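Please follow this account with the structure open beside the text.

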Amino acid sequence: MHENELIRALREGSESAFAELVRAYGGRVYNTALSFLQNAEDAEELAQDVFVAVHRGIHAFRGEAGLSTWLYRITVSRSLDRLRHRKRRARSFFGLLGGSKEEEAPDFDHPGVLAEQKENAVLLFRAVRTLPAQQQAAFLLRKTEGLSQGEIAEILETTVSAVESLLQRAQANLRKTLEHHYKNLNA
Amino acid sequence: MNRSQRTDEIMRSLEGMGRADAPPYLWSKVRNRLQAPVPAPARWAWQLAIALTVFILANLFTLRQLRQAESRAGGGTQAVASEYSISLPQTY
């Protein structure tokens, strides 16, 4: 089904159109959420949240951006919200009482990473957690979804040059974190 | 392998990666959530709201009573003093 037809059918409340939307975009939404949250259960819940939000908000979709851009935008924004919530909770009284620290979250093994790269990818995903939100978003959309700088700019509602700068800063920060980690290992 | 080479290797570790598959039955789970009734505010939220309202009203009532007592205090003291034949000092 063409995107415009799909949007029209969604607005009319067609269940089969919505099933097609979930089939077509479920992987992208889930993979993006998984890369941000680094937890399969949370990512699945967030993917469901995104589609529920799309179902309830399809009438507000103006069609200025593509459907996939809109879906990515909702996914990224909700993932970042969830990460902020986790950090706040870890710093709260109850979080400190329970001994939960965001930095000490279990290592994440992304199922899409090549077998020979698994060990290194675990270190990289751990370092990604330390990045500021916008750098994290640009880096993950580029690396785990393979989006172009133009597509990322649309999703983050910014310019291509801003995305380029975000990616450069993300790479520099990741290198710094990894070199620090490597130095500590060798010490 | 030096530190810089090792870092480069880690930085390249996501190259060629694939997308994680969407969880099975995602559509069914989304549909179930759409069909579920929108949950009403939790019972504890109502209880908290009622408790807060009662607390605020009690405070307002107490403040009002205090104000009224204060405004009556001037004439009231004089009346009690004359009833019991007490002379009030003019200066304090």
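At roughly what angle do the axes of helix H3 and helix H4 of chain A cross? In this predicted model, where local features need pLDDT of at least 70 and side-chain atom pairs count only at pLDDT 80 or more, totals for chains, interfaces and linings use all residues. Residues are numbered from 1 along each chain as its sequence is written, while chains are lettered from A and ligands numbered from 1 in the order in which they are written.

The axes of H3 (residues 40-57) and H4 (residues 67-91) of chain A come within 10 Å and cross at roughly 130°; here helices are DSSP runs (H or I, at least four residues) numbered from the N terminus, and axes are lines fitted to C-alpha atoms over the stretch in contact, with angles from 0 to 180 degrees between N-to-C directions. H3(A) and H4(A) are therefore oblique to each other, a class left over once angles under 35 degrees (roughly parallel), over 145 (roughly antiparallel) and 65 to 115 (roughly perpendicular) are set aside. The contact (C-beta atoms, placed from the backbone, within 7 Å) involves residues including A:Leu46 and A:Val50 of H3(A) and A:Leu71 and A:Arg78 of H4(A). Its residues divide into six nonpolar, two polar and four charged, where Ala, Val, Leu, Ile, Met, Phe, Trp, Tyr, Cys and Pro count as nonpolar, Asp, Glu, Lys and Arg as charged, and the others, Gly among them, as polar.

Between the chains, the contact takes 22 residues from chain B and 32 residues from chain A. On the side of chain B that touches chain A, the elements giving two or more residues are helix H1 (3-11) and helix H2 (26-35) of chain B.

The largest nonpolar core has 48 residues, and A:Val50 and A:Leu71 are among those that touch the most other members; such a core is a set of buried Ala, Val, Leu, Ile, Met, Phe, Trp, Tyr and Cys residues joined through C-beta atoms within 7 Å. H2(A) gives the largest share of this core, ten residues.

Two loop residues remain. A:Gln38, in the loop between H2 and H3 of chain A, has a positive phi of about 55° although it is not a glycine. With 21 C-beta neighbours inside 10 Å, A:Gln38 counts as buried (20 or more other C-beta atoms within 10 Å; 12 or fewer is exposed, and in between is partly exposed). A:Glu157, in the loop between H8 and H9 of chain A, has a positive phi near 55°, yet A:Glu157 is exposed, with 10 other C-beta atoms within 10 Å.

Note on methods:
Two residues are in contact if their C-beta atoms, placed from the backbone, lie within 7 Å.
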